Amino acid sequence: MPAHASLLILKPSIATTFLRSSLSSAVVPLPPLHLRPFLNARNLSSLSSAASSPMPSLVPSSSDNVGGCRSGVISPPPIEDSVQKIDVNPPRGTRDFPPEDMRLRNWLFHHFREEMEDNRLTGYWSDRFRGRLDSKKLIFRCLSRRPCLLEKLARRLEIRLYCFEDRGNRRVALRPELTPSLARLVIQKGKSVSLPLKWFALGQCWRYERMTRGRRREHYQWNMDIIGVPGVMAEAELISAIVTFFKQVGITASDVGFKVSSRKVLQEVLRCYSVPENLFGKVCVVIDKMEKISIDEITKELKSLGMSEEAINELLQVLSVKSLEKLEEILGAAGEAVADLKQLFFLAEKFGYSEWIEFDASVVRGLAYYTGIVFEGFDRERKLRAICGGGRYDHLLSTFGGDDIPACGFGFGDAVIIELLKEKELLPELSLQVENIVCALDHHLQGAAAAVATRLREKGRSVDLVLESKPLK
């Protein structure tokens, strides 16, 4: 983008010459000091009478009568008291995006995509992904034609779906998250794609749930998933991608951290006390509430699942552990959980983000399909809910009738990160940007102005075409 914009004014005496001349000679540059009023407020008052002239009335005066008929615009009939005004607010939990909010959303999405395209393409994303990474972006359907599968999954995830019946008497559901759609797509592609798959998506999701700060019933979510890699290197790469994004938008390790644990920690404890495997998912859902409800309530819910008091006490003791060394003392060094976590922290040091992560055994994530390493991004002042989260889900594909493939991924919503950027005063000033302004000072020159605007736009320039024809003062 050039350092300053240009103002194009078509005058009757120069119109013909202007159209015949080259664009480079027709564009009159303005110094930045004089340009700002035009860009920021679209204010042409110093050149035109548009700002000072009163707007013409939509209701014609008595002098407009011609032969008993009115010329101009007919005044609309008065609104009767019985007519109800519509509710102009969006449905509860959803949003409108006026221009200033849309610019902010586009800015955020740009950074999501930039992280994938710039860093991943030239970095860890191997020769398998030569070319544009756009081809790895997934576009999912907003509607699921098989809501029974989503409903089954939602019961396991404790998610309330937006389900309804369409005009063809088909039951459909708005997608609550993108990962099940990814699983469906991987099953659909089957052996036509070679592993590993490294895909990302940016889509809209809906959940009918209680709203809090940063939690809406509709939001956009950035997902990144790696399919076909069983080792912890995949999880380390995912966290690296998020850390790189945070750095790009000005967030530091003193603002945000990642709590890391493994579902296998819980499995090892429950196995010691012969807790049935079919209760594992339910126990994880209860543990995920630890920061929301009291320990007494946690204990009560675990007892209702059939766990013994001894098993509950041991489980709560393990969940209070905040260091790998202490966890190793309790579980031993031979277990998979400790080995995976030690490898992840080793890789974090090599990636260069060890100061961002910390071990917290109580992190299990509420989604029931996680099977190994889990992680959760949080603000260190504890003012907001989780910023992002993810982990390993090696058995998700079998939920949809496919073969199990090792996989991991994360979800990163747009609502909480905006709240965090506001908190840290890191939101950018995103004023309307335009390179050229084209206006006609006479209505006979509107066609010529349109032609000039078209030629500039065809050359890739951003152009604001002033639609009114106003003479200069």
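E425 is exposed (over 50% relative accessible area, with a 1.4 Å probe and protein chains only), its relative accessible area being 74%. The model is predicted, so that local features need pLDDT of at least 70 and side-chain atom pairs count only at pLDDT 80 or more, while totals for chains, interfaces and linings use all residues. Residues are numbered from 1 along each chain as its sequence is written, and side-chain values use heavy atoms, with hydrogens and water left out.

E425 lies in the loop between α15 (414-423) and β16 (436-440), where helices (H or I, at least four residues) and strands (E, at least two) are DSSP runs numbered from the N terminus. Although E425 is not a glycine, its phi is positive, at about 55 degrees. Most residues other than glycine have a negative phi, and most peptide bonds are trans. N169, in the loop between β7 (162-165) and β8 (171-174), likewise has a positive phi, near 60 degrees, and is exposed with a relative accessible area of 59%.

In the loop between α6 (179-189) and β9 (197-206) stands P196, which is joined to L195 by a cis peptide bond with omega of about 0 degrees.

Helix α7 (residues 233-248) has 16 residues and should span 22 Å at 1.5 Å a residue, which agrees with the 23 Å between its end C-alpha atoms; the expected span is 1.5 Å times one less than the number of residues. Because 12 of the 16 residues of α7 are buried (under 20% relative accessible area), the helix is largely enclosed by the rest of the structure. Among these buried residues are L238, I239, I242, V243, F245 and F246. Just after α7, G250 takes a positive phi of about 95 degrees.
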